[in-house]
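Please read it with the structure open beside you.

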Amino acid sequence: VQLQASGGGLVQPGNSLTLSCEVYGTIISNHPMAWYRQAPGKQREFVARMNSDVWRTYADSVKGRFTISRDNAKNTVSLQMNALEPEDTAVYFCTLIGNGSNYWGQGTQVTVSS
């Protein structure tokens with residue numbers, strides 16, 4: 001199983017960005033998917049998770065601004081990020097929650113700065 005995240009970049013505060021994560025080697029509709037992030041000097045933290053097309057959960061810090069979704073036909077999970085803040089600056093990782101182990105992508109850098 002391999003995950004490839006993309007879509008990161010430099011954006012100004014208040015703007016939006018969409019991250020994508022392509023999954024190879026398994027069908028994502030069979031698994032919960034999640035996004036985490038790690039800011040410089042901090043531990044990796046949970047951002048969003050979806051167990052199905054109707055069940056999603058978010059960290060309090062991103063609730064109402066971020067939306068996790070997936071395209072089963074493309075085997076891709078996305079993270080729509082709106083109203084970005086400097087505190088959202090981090091490397092963002094997608095993860096597939098498997099049976100007994102999780103699989104991680106390589107991460108994509110998001111920098112929010114004016």
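1. F46 has a relative accessibility of 26% and therefore counts as partly exposed, a class that lies between buried (under 20% relative accessible area) and exposed (over 50%), with a 1.4 Å probe and protein chains only. The model is predicted, so local features need pLDDT of at least 70 and side-chain atom pairs count only at pLDDT 80 or more, while totals for chains, interfaces and linings use all residues. Residues are numbered from 1 along each chain as its sequence is written, and side-chain values use heavy atoms, leaving out hydrogens and water.

2. F46 in β5 stands opposite Y36, and the strands β4 (residues 33-38) and β5 (residues 45-50) pair in the antiparallel sense over five bridges; pairing requires at least two bridges found by DSSP, and strands are DSSP runs of E of at least two residues, numbered from the N terminus.

3. Two aromatic pairs are counted, where rings of Phe, Tyr and Trp (its six-membered ring) pair if their centres lie within 6.5 Å, with planes under 30 degrees apart called stacked, over 60 edge-to-face and the rest tilted. Y36 and F46 are edge-to-face, at 5.7 Å centre to centre and 75 degrees between the planes, and they are 10 residues apart.

4. Y36 is also edge-to-face with W104, at 5.2 Å and 65 degrees, although W104, in strand β10 (residues 102-104), is 68 residues away.

5. R44 lies over the face of W104, at 4.7 Å from the ring centre, the criterion being CZ of Arg or NZ of Lys within 6 Å of the ring centre and within 35 degrees of the ring normal.

Key
Helix = DSSP H or I, 4+ residues; strand = E, 2+ residues; numbered from the N terminus.
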